[in-house]
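Dear colleague,

Please find the structure below, followed by notes on what was found in it.

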Amino acid sequence: MSRAKNILHALMPFLALVVVYAVFKILQPARFGSLPNMWLFVQQSLLLSILGCGIYFLLSLGIFDLSVGINAVISAMIGQVLSNYLGGFGLFIGAILCGLAVSFTLSQFMQRLPVNPMIISVGFILLFEAVTQLLTGSNSSLQIDNSFRVIGAFPWNVIISLAVMVASMIIYKYTVLGVYIRAIGSEKEIAGKFGLNVAKYTTIAFVLCGLCAALYGVVNLCYSTRVAQATGMSSATAAFRPMMACMFANSFKKYLHPIIGMFIGILFLNLISNGLLANGLESSLQNIIIGFAMILIVRASNKSRKYDIVK
Amino acid sequence: MSEVLFRINELYKYFGATHAVDGASMDVYPGEVLGFIGENGSGKSTILSIISGMLKPDSGTFELDAKPYTPASQAEGIKSGVSLIAQEINTLEGLSVAENIFLGLEENFSKHGFINLKKMHQMALDVLVASGITDIAPEDDVRHYSIEQRKMIELVRSFFIKPRLLMIDETSTALSHVGRDELYKLINATKEAGNSVIFISHDLQEVLRVCDRITILRDGKIVTSKMADEVDEDQLKTLMVGRELVGSFYRTDYDAKISDDVVLQVRDLKCKGLGGVSFDLHKGEILGIAGLSDSGMHEIGRAIFGIEYDVAGDVKVVESGKSVKTIQESIGEKIGYISKNRDTESLFQAASISDNIAVHCMDVLSKSIFVSPSKMKKFAEENAKTLEVKMREVGQNVSELSGGNKQKVAVTKWIARGTEIFVMDSPTRGIDVGVKAVIYALLVQLNKQGKSMIVISEELLELIGCCDRILVMRDGRISGEFFRNENLREEDIVQKVV
């Protein structure tokens with residue numbers, strides 16, 4: 001595999017972004033692609049990348065957890081409640097402690113109960129969605145003081161998002177913890193044979209995911225100033241887009257750090273979604289086109305991989 | 001040899017009603033290479049798994065350097081200086097080569113949990129180069145390497161650990177000649193450092209060459225131990241199976257004429273590692289393909305069956321006049337392929353014996369979209385009898401079978417389909433002398449039924465003993481052709497191999 005080909009593969013996700021942008025810009029020059037709009041997409045994508053970082057740690061363990069979304073919601077709510085008494089400190093501490101507690105509990109359930117993890121994940125969603133309804137009561141949402149909006153706006157939203165992404169990138173690639181999480185995700189029995197404490201590092205990965213969910217919950221709450229109760233598994237949908245982006249990142253991880261790949265994936269999905277919206281397509285049709293686009297991109301990247309096999 | 005490095009006292013292990021290890025006691029001495037031989041299921045691998053910490057014994061004790069040794073896990077075993085290179089692949093995909101070599105040993109290049117990647121890659125490169133390996137890059141994901149190369153990575157890890165007791169379980173069959181040389185280097189280095197090696201292999205010549213002493217196991221019991229220079233291969237075979245093996249494993253006929261009818265025409269077959277190969281396979285012929293592992297010999301089988309990427313040239317089934325390019329077309333034209341990577345490419349490990357045998361016969365077994373489980377079971381039972389697969393029942397998972405019995409299932413599934421052309425890559429790899437005899441007898445039996453076979457093997461004696469004709473591969477091309485005759489010797493073929 002030549003260096004030029006590797007560079008080309010690394011550039012492929014970026015090229016996909018440029019192509020998508022160019023197509024929609026040509027189709028809707030007035031309604032799509034202005035600089036302020038693009039900057040907004042980047043900020044939204046950075047925000048969702050916080051959640052994506054958490055999901056990526058669990059995906060590296062081979063775990064699909066849809067309850068990340070409800071963890072973000074419940075953490076934001078607890079943060080909002082504590083912010084009424086302790087201000088910004090309460091907002092962050094409340095959300096983070098809640099996020100860590102939920103994810104730690106989930107990790108113990110998943111490791112100790114001989115039940116399919118997906119069922120536990122769904123059980124947690126239903127349980128905590130009920131809790132959000134109890135917390136919001138008849139208002140159906142909790143509102144935070146307007147003074148906290150600054151955390152959800154530029155530059156703090158970008159600073160927090162980038163800080164989480166950079167920390168995740170370092171943990172994933174440059175720490176013993178990152179190596180162990182990937183080893184367990186590859187084959188936990190073999191990882192155990194190498195002396196790795198599988199239970200310990202699995203729990204740590206969950207806790208990292210909980211931390212990311214809490215931070216996402218806080219920044220999202222501050223951006224919109226309110227957090228709504230979740231019903232009918234609606235919180236699970238929040239995890240879909242970052243989860244798709246994580247899979248997108250996995251396809252390019254030989255050429256691109258997966259956290260960067262994940263961010264590009266979210267940006268790509270947001271760009272298509274907004275481009276289709278600008279063209280007047282309803283949301284169900286948008287999802288069909290987004291789904292196909294993802295499959296094509298991932299397929300293209302996998303096709304190139306087969307020639308890498310060393311025999 | 002008064003001093004004992006490792007001692008096993010009265011070891012027992014049961015799997016249900018099966019006595020996998022039945023009161024084994026033995027000593028291993030410093031600087032000794034001890035061979036473990038026995039038929040599949042004799043308890044060799046189970047003993048090594050218990051010593052390594054992977055399995056718990058039902059009773060029995062160990063002593064390492066005269067101190068009690070009770071590993072709770074393989075990791076504890078490694079920390080105590082006991083390392084196992086197992087039959088199975090033990091590298092982790094998603095991790096780089098360097099990360100695999102040093103997994104659990106990161107303290108050499110990390111501080112406060114942060115890894116110095118540059119230092120780790122450099123250390124890995126140093127260990128790889130010191131082991132004579134130059135075609136593996138430390139930063140690459142191991143998933144991009146072949147099974148053999150991944151085994152080499154495991155060897156390099158053992159080089160780095162420098163264990164007090166190194167155990168090697170049937171690893172050499174996964175390696176080419178170059179890989180085997182590296183393995184022997186590791187064994188010698190361990191021995192010269194005053195440490196010991198327990199070595200399992202079904203290749204008795206290799207055991208005699210590599211080991212100082214040989215322990216023979218049968219039905220979970222240690223039968224006897226012999227110094228390697230006191231026994232020969234035939235005596236070892238007799239001790240292994242518990243009776244004298246009469247006659248040769250191989251064919252004794254030398255006058256059989258190869259049919260003029262061609263069943264398969266291969267013309268200018270090319271792919272990565274294969275530079276244009278043409279030959280005919282005749283009806284009822286056993287055609288051997290010999291060569292070094294990287295000579296293109298394995299690619300021939302894969303290319304014919306349609307597994308290889310970017311294949312050029314033509315593979316034509318003469319009777320139908322059809323050219324085959326894909327796996328589906330090959331199966332449709334009654335071509336069957338048995339991969340050298342039996343566990344990953346020839347069998348569904350997590351599926352039952354019944355499913356494995358019946359999977360290619362759904363057109364016969366199904367009615368519309370429905371398959372009768374009882375019909376499938378009966379079909380599998382009848383076919384499993386052909387090769388006397390040792391099993392509890394056909395509903396048993398293939399992963400529970402020994403290596404030799406897995407191979408029998410892999411062959412049976414193609415026989416069940418009524419395959420006319422068999423492509424067998426290393427069909428006796430990793431199986432014991434008893435099952436080898438069954439496979440050789442099967443070749444003769446299929447030969448008598450008029451089936452045609454391509455047998456790819458690095459074991460020249462096996463090819464000389466079984467084949468009507470042998471094509472020798474070198475650098476992706478055919479470098480020689482030999483017809484069956486009494487005077488054909490290994491040396492004649494080696495001249496064309498190297």
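Two residues are taken to be in contact if their C-beta atoms, placed from the backbone, lie within 7 Å. On that basis, 23 residues of chain A are in contact with 27 residues of chain B. Helix 7 (176–186) of chain A gives the most to the side of chain A that touches chain B, with 7 residues, where helices (H or I, at least four residues) and strands (E, at least two) are DSSP runs numbered from the N terminus.

This is a predicted model, in which local features need pLDDT of at least 70 and side-chain atom pairs count only at pLDDT 80 or more, while totals for chains, interfaces and linings use all residues. Residues are numbered from 1 along each chain as its sequence is written, and chains are lettered from A and ligands numbered from 1 in the order in which they are written.

Chain B holds an open sheet of 6 strands with mixed pairing, in the order 18-21-22-15-23-24, two strands being paired if DSSP finds at least two bridges between them. Strand 18 (335–338) and strand 24 (477–483) of chain B stand at the edges, each with a single partner strand, so one side of each has no neighbour in the sheet. Strand 15 (residues 286–290) and strand 23 (residues 469–474) of chain B run parallel and are joined by 4 bridges, and B:Ala290 stands opposite B:Val472 of strand 23. Helix 18 (residues 490–497) of chain B packs on the sheet, touching strand 15, strand 23 and strand 24 of chain B.

Helix 9 (residues 297–305) of chain B is followed by B:Gly306, whose phi is positive, near 95 degrees.

Kind regards

Definitions and conventions:
Axes are lines fitted to C-alpha atoms, for helices over the stretch in contact, and angles run from 0 to 180 degrees between N-to-C directions.
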